[in-house]
Amino acid sequence: MILSLCYYGNPVLRKQASPVKEVTPEIQKFISDMIETMDDHNGIGLAATQVGVLLRIFVIRKEFIGDNGEFLKGVSQVFINPEVSEPSDDMEIMNEGCLSLPKIFVDVPRPQSIKIKALDIDGKPFEDTITGFTARQIMHENDHLNGKLIIDRCPPEQKKEVQHLLTQLKKNHKNRSKTRT
Ligand code: NI
């Protein structure tokens, strides 16, 4: 089932998500809906917050580079109750977008590598050291669970440049809320 996305202006995106107490079949069904929703929007990551559910869950879809240098979609990965630690001192800046901020792309500095601890879809704990683009995806989605967005991490002058788009998204949200029955 494709879930409806929350866009900038929706206060849920600024809230702190709560830990999952138990990985039940309902939670697993919700996660498979999240993956379906991410793929339907051609995204490479989605946090539960973005579909209005304040639980500490996110999914990513890994990407790899094909023979002709093109980006190809790989497997999806589920993170429940993730804990990010040991960020490297080496930072990297990359242009990022977000399904909750359509048409907005800003430069976000992030550590090159991190350690991640989480539960998988079966509720089994795992941990890993991740570097490069996957680490960035994880940090982006983990930010959502703490109410943080890419526009909080980009240079202030870039935020100014996209301010008109943010204002528009906020207005759209207000209109949508009014017409909702
Ligand atoms: Ni996002």
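In the predicted model, helix 1 comprises the 16 residues 25-40, which at 1.5 Å a residue should span 22 Å, and the separation of 22 Å between its end C-alpha atoms agrees with this expectation. The buried residues of this helix are I27, F30, I31, D33, M34, I35, T37 and M38, and what covers them includes strand 1 (45-47), strand 2 (57-65) and strand 3 (71-85). Helix 1 is followed by N42, a residue whose phi is positive, near 60°.

A nickel ion is coordinated by the SG atom of C98 together with the NE2 atoms of H140 and H144, at 2.1 to 2.3 Å, and the spacing of these donor residues in sequence is C-x41-H-x3-H. Both histidines, H140 and H144, belong to helix 2 (residues 133-145), where they are four residues apart, about one turn of the helix. An α-helix has 3.6 residues a turn, so residues three or four places apart point the same way. H140 is buried, with a relative accessible area of 8%, and H144 is likewise buried, with a relative accessible area of 1%.

With regard to the cysteines, a search of the whole structure finds zero disulfides. C6 takes part in no disulfide, the nearest cysteine sulfur being that of C98, 11 Å away, whereas a disulfide requires the two sulfur atoms to lie within 2.5 Å. C154 is also in no disulfide, and the nearest cysteine sulfur to C154, again that of C98, is 12 Å away. C6 has a relative accessibility of 10% and therefore counts as buried; C154, at 10% relative accessibility, counts as buried as well.

Notes:
Residues are numbered from 1 along each chain as its sequence is written. This is a predicted model: local features need pLDDT of at least 70, side-chain atom pairs count only at pLDDT 80 or more; totals for chains, interfaces and linings use all residues. Side-chain values use heavy atoms; hydrogens and water are left out. Helices (H or I, at least four residues) and strands (E, at least two) are DSSP runs, numbered from the N terminus. The expected span of a helix is 1.5 Å times one less than its number of residues. Buried means under 20% relative accessible area, exposed over 50%, partly exposed in between (1.4 Å probe, protein chains only). Contact means heavy atoms within 4.5 Å. Donors are N, O and S atoms within 2.8 Å of the metal (3.2 Å for Na, K and Ca); water is not among the atoms, so sites may look incomplete.
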